[in-house]
Structures are given as C-alpha cells and as structure tokens.
Amino acid sequence: PTTLDLFHLFPPFSPPKKRWHRQQRPPERGGAFPPPPPPDNCDLHFKVARDRYSGYPLTIEGFAYLWSGARATYGARQGRVCYEMKVNEEISVKHLPATEPDPHVVRVGWSLDSCSTQLGEEPFSYGYGGTGKKSTNCKFENYGETFAENDVIACLVDFECGEEVEMSFMKNGKWLGVAYRVRKEALGGRALFPHVLVKNCAIEFNFGQRDATYFAVPPGFTFIQHLPVAERVRGTLGPKSKAECEILMMVGLPAAGKTTWAVKHAAANPSKKYNILGTNAIMDKMRVMGLRRQRNYAGRWDVLIQQATQCLNRLIQIAARKKRNYILDQTNVYGSAQRRKMRPFEGFQRKAIVICPTDEDLRDRTIKRTDEEGKDVPDHAVLEMKGFSPKKV
C-alpha cells in the first residue's frame, strides 16, 4: 500500500466532540419507574424517545395515513390515578391529499394490557379524541371539546366509586365530565394502562416525573408514577433475546385464509403479543372513525394499496431489529421470496404455516373477499403461484 492508502486506513486522531446529555432526574416519591427495556408495547412505526416519556409516529410516504399507538409499561387497578398528555406538535404532512380527513389527530385514554394499540376500537379500550369524540369498541359519541397542538389532556380513572370504575378527562385544567362507567365485575380485577393513539402528531406524557404538573388535577388523584411499586401492575414483558422471538411466515394463495388463521392464532396466544405484518393489518391502521378505509375512501384505491405495500416493506425492515413475535401475513409461495424475507430474521425461531384449502373453498373465499374488500387477483397470477405456466398449459 502507498502512503496515501495508509492515510485513509488510519486517519489522524481527533478528539471526540463534546456531547450534552439529559440530566438524570432524581427518584420521585413512590419511586420512579425503573428504566424500562426497549418498548415493545407500541406500533413498530411509533418512535419512543430515549427519555421514554415522549414519542412520535413515522410520517413519510404512506405512513401519514396510519394511526400509531403506544401503551405505558405500568397500569393501575385501585385508587384514584391520573396522568397528563400534551400534544407537542402537529407534524407537517404536505404530501397527503387535501381530501384526507383529519390528518392530525390524537386519541388518549386507558386500555387493558391485552388490547391492541388501536385505542377505542375494541372492548375494554377507552379513548377520547381530538375531534371531540369518545370511543370504545368502535362506538363513537360526542364528548368534551376538540383539542389540538399545545393542548394538555389529563386522564383520570377512579376505582373508588362503589361497583363501578369511572373514567374522565380534563382539557387544559377544565374538567369535561365522566366519559365512561364500567362495572368492576366486567374488568375482573384487571388493570387499566395509559394509552395513546396518534396520527401525525408528536406527544409527551407526564406520569408524575415532572417537577410541576401542566395543570392542577382534582384532589385525591395520584399520578401513576407516584404509586408505590406494589400497587402498580407491570405489562407483559417481551422476549429478552432473539432466540426467544418467533416469526411465523404464512404461505398460501390469495384468499386461502391466511389472515383469518393469523388473527385467530394471535388472539389465542395473548402472552406472545404477536405483531401481524401484512397489508390487511396496515389497512386496519388506516381507519376513519373506526371504519375500514375501502368503505369510505374517496381517492384511488390502487394508490392506497401501493402506499400500504411500501409501508409493509419498511415495517418488515424495522421488525427484524426488534425483539418481538411476528406473523408475516403474505402469500410467500415462492422459495426465493421466502428466503429473502426470512434472512433478516436470522436468530429468530422461524416457522412456516402453510394454508391449503380445497379448490371449492378457495373459489368461495375469493368471491367473498372481492365483494367485501374489492381485492381482485387475476386468474393468471393465481395459476402462476400454483406452479402452472400459461405457455405449458
């Protein structure tokens, strides 16, 4: 090697630049939350800050259509508990069409640890949104006021109301009334966890770690971080290593029943907290007022599908770097595609789930899916997936 080559291999030493780090806060009364592991109770496209008290969603390209949710690591099932959430920023998404409804929204509230990240869209998931609506189990009702950037929402839950649990909210210090009353018998002693669902907004939580609250809360309520550790309930812990992680790759023709199997398997194994990676799961996160997009979408459907596919490819890249359990919900019928998609998940427990219905069942499923979802896969594409070549036929 010449002297020039060596210079490039071993450049002159230069002292590292000085970096400033956030000052560590002292423990608060009740004991601060212990430093949590990398968060696994949020969507892959929700970016949690290093302080673990704030976050924001990905908004590039098709991600701007998606809702993105996160749930706290600790919940409560007794006493009078609260926390605050501030909308720090409405992130610019000029690439969205002008017809996109409510491009900046936040929904905040409480849910069980077993619920999905789509706050307010299933039982035992209770949200209050910036459009002035409350929602649970996909039922939306008028409540409170609208809220947006720089507004602070306090979320209060009262377990000391006799046989019921009451949930209420405050906007910038103004009480908005009781939003939900739930029978304790229905909750069955399970804890409620702070939960947020955002669309193109950056948010910040105050669980009690701040020196001062944004606004005063009613007497008798305790910020969840001030609860003694023994009175908190820890959420489900994710895998500690890649060797404990599992990825199930669905294999089958379009409309074979892959998504149906994946959803049922995830529901039957809640402790695994499977992340389903597929276009159907992406479309579920594009809902408008709890309705799937294809039923009320005014734009071009093929463009939206293309956006969803791009989002999925990006999420698969992110997923390979996270210690979680996954179900890859795509056709995956070609060996080359199977190897390419599984290669980044080296070290995971990699398994294939093959769905092979009869021709009659596949035909009926295809017709049903076309009617319900508008998806139509050409016959020649299905034949090719089966291994038939049009030239050979």
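Here are some questions and answers about the predicted model above.

This is a predicted model, where local features need pLDDT of at least 70, side-chain atom pairs count only at pLDDT 80 or more, and totals for chains, interfaces and linings use all residues. Residues are numbered from 1 along each chain as its sequence is written, and side-chain values use heavy atoms, with hydrogens and water left out.

Q: How many helices and strands does the protein chain have?
A: Let's start with how they are assigned: helices (H or I, at least four residues) and strands (E, at least two) are DSSP runs, numbered from the N terminus. On that basis the protein chain has eight helices and 20 strands.

Q: What share of the residues in the protein chain is buried?
A: Buried means under 20% relative accessible area, exposed over 50%, and partly exposed in between (1.4 Å probe, protein chains only). Of the 393 residues in the protein chain, the buried share is 45%.

Q: Why do the buried residues of helix H3 lie on the same side?
A: In H3, residues 258–268, the buried residues are Lys258, Ala262 and Ala266. They lie on the same side of H3 because they cover an arc (from the directions from the helix axis to the C-beta atoms) of only 60°.

Q: Which exposed residues does the opposite face of H3 carry?
A: An α-helix has 3.6 residues a turn, so residues three or four places apart point the same way. On H3, the face turned away from the buried side carries the exposed residues Lys264, Ala267 and Ala268.
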